[in-house]
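Please keep the sequence and the model in view while reading.

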Amino acid sequence: MFNVNASPAPSSLYRLKLMIGVIALGAALSLPTAAHAMEDIAVVDFQLIDRLMAADQVNAMTESLLTAPELEPAGETGKYNLSGPIQEEPQSPKDADARFYTGAPPRTYASFGEDVKAIKWELAAVAGYYTAINAPKLLKDPRWPRTQKEGWFGHSTQNLGVDKLAHAYSAYMISELLYGRIKRKVGDAPGIELTAAALASGIMLWSEVFDSIEPSGGWSWEDVTFNSLGAGFSVMRNSVPGLDDKLDFRLLIEPNEDIYTVKGKEHFRQQRYLFALKLAGFEVFKKTPLKYAELHLGYRADGFSNEDRAAGVPSKRHVFAGVGINLKELLFKDARTQKGRVAGEVFTYFQPPFIGIHHDLTER
């Protein structure tokens with residue numbers, strides 16, 4: 001029989017030395033590959049991660065990090081490049097999100113103060129204009145501010161409701177103007193349409209204060225309501241995607257022998273307010289001649305001037321409908337100059353007379 005002595009169990013120190021040796025050997029054998037892989041990651045993957053994080057594409061970043069790199073032959077040696085293919089960097093903003101080049105992510109929240117600061121001079125100009133046109137009321141026997149119930153569109157009202165639509169249109173135009181300026185200054189950031197509408201409503205309220213001191217006038221909640229409706233339509237038009245390409249709120253002025261009468265109530269008789277539904281905004285019509293057509297629905301009134309009432313002429317309210325030509329689509333769709341684009345925008349808010357056929361749906 002042979003006496004075989006069992007080897008003693010390895011000590012803890014021996015195990016530690018063995019582990020260190022294995023780690024050192026593995027590091028020495030893999031160092032060139034590890035260095036090459038880290039170089040590729042530093043050049044490609046870290047930049048990719050930065051771009052993905054800047055774009056807030058968490059899902060895309062997670063997928064790119066968890067996807068195993070493909071093995072590619074590295075020459076005739078039969079070895080494989082574990083770092084994956086080199087990804088080319090984008091050469092222009094067309095190849096990547098523009099935010100990578102601006103250095104700042106877009107604003108994702110509404111900031112009323114920033115918006116107001118961006119258009120402080122435009123806001124001062126509009127507020128100054130309304131102050132200037134209303135200031136003479138301070139010199140015409142002003143009264144202590146008071147309210148007045150004007151009514152809506154009834155025959156007993158002074159202007160059969162045309163003045164209410166004038167309030168809505170004024171608030172709408174101010175809101176559209178301020179919205180355009182804010183958008184130009186701070187970009188298409190969320191909430192700028194609300195800022196513009198709030199400022200427009202404030203200016204119209206300031207104008208209503210002057211009406212409240214007139215001897216024959218007063219603060220009208222009916223006017224305030226239509227101010228809010230006009231500003232609200234601007235919010236809806238600028239927040240619902242594609243609505244601005246489909247629907248306009250316009251003013252049509254029917255010329256008289258003076259072209260336009262400022263004094264008295266004649267200018268209210270000349271005014272027609274209408275909505276224009278533009279077929280060019282609908283995909284089904286974009287490649288057809290119907291893209292140049294639009295449908296109109298509006299309101300006008302007559303027979304309410306002081307002369308007409310004194311002569312016993314009956315007052316009449318008219319709801320009309322008709323068809324027109326989309327002049328912006330026809331003449332200025334592809335305008336390349338600033339003057340051309342401005343001219344096209346004019347037809348977004350003003351309807352030229354005699355460009356269209358209208359028929360009264362109601363007359364009462």
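Arg 300 is in contact with Gln 271, Arg 272, Lys 316, Arg 317, His 318, Phe 320 and Asp 360, leaving aside its neighbours within four places in sequence. The residue belongs to strand S5. The model shown is a predicted one, and the points below are grouped by topic.

**Arg 300**
- Arg 300 counts as buried because its relative accessibility is 16%, and the limit for buried is under 20%.
- A polar contact of 2.9 Å joins the side chain of Arg 300 to the side chain of Asp 360.

**The sheet**
- Six strands, in the order S7-S3-S4-S5-S6-S8, form an open sheet with mixed pairing.
- Strand S7 (350-351) and strand S8 (357-363) are the edge strands, each pairing on one side only.
- Strand S5 pairs with strand S6 (residues 316-325) in the antiparallel sense, over 10 bridges.
- Within S6, Phe 320 stands opposite Gly 298.
- Helix H12 (residues 338-349) packs on the sheet, where it touches S3 and S7. The direction of H12 makes about 85° with that of S3.

**The nonpolar cores**
- The largest nonpolar core has 19 residues, and those touching the most other members are Val 162, Tyr 169, Tyr 172, Phe 249, Tyr 273, Tyr 299 and Ala 301.
- Two or more residues of this core come from each of helix H6 (162-186), helix H8 (221-239), strand S3 (247-253) and strand S5 (293-302).
- Helix H6 provides the largest share of this core, with 6 residues.
- Not counting residues up to four places away in sequence, Tyr 172 touches Gly 230, Ala 231, Phe 233, Ser 234, Arg 237, Phe 249 and Tyr 349.
- A second, separate core consists of 16 residues, among them Ile 119, Val 126, Ile 174 and Ile 182.

**Confidence in the model**
- The average pLDDT of the protein chain is 80, and 70% of the residues score at least 70.
- Over residues 57-62 the pLDDT stays under 50, and the model has 5 contacts for this stretch beyond four places in sequence.
- Residues 87-104 also have a pLDDT below 50, and this stretch has 19 contacts in the model beyond near neighbours in sequence.

Methods. Residues are numbered from 1 along each chain as its sequence is written. Side-chain values use heavy atoms; hydrogens and water are left out. A nonpolar core is a set of buried Ala, Val, Leu, Ile, Met, Phe, Trp, Tyr and Cys residues joined through side-chain atoms within 4.5 Å. Buried means under 20% relative accessible area, exposed over 50%, partly exposed in between (1.4 Å probe, protein chains only). Helices (H or I, at least four residues) and strands (E, at least two) are DSSP runs, numbered from the N terminus. Contact means heavy atoms within 4.5 Å. Two strands pair if DSSP finds at least two bridges between them. Axes are lines fitted to C-alpha atoms, for helices over the stretch in contact, and angles run from 0 to 180 degrees between N-to-C directions. pLDDT is the predictor's confidence in each residue, from 0 to 100. A polar contact is a pair of N or O atoms within 3.5 Å; within protein, one must be able to donate a hydrogen and the other to accept it, and residues adjacent in sequence count only if both atoms are side-chain atoms.
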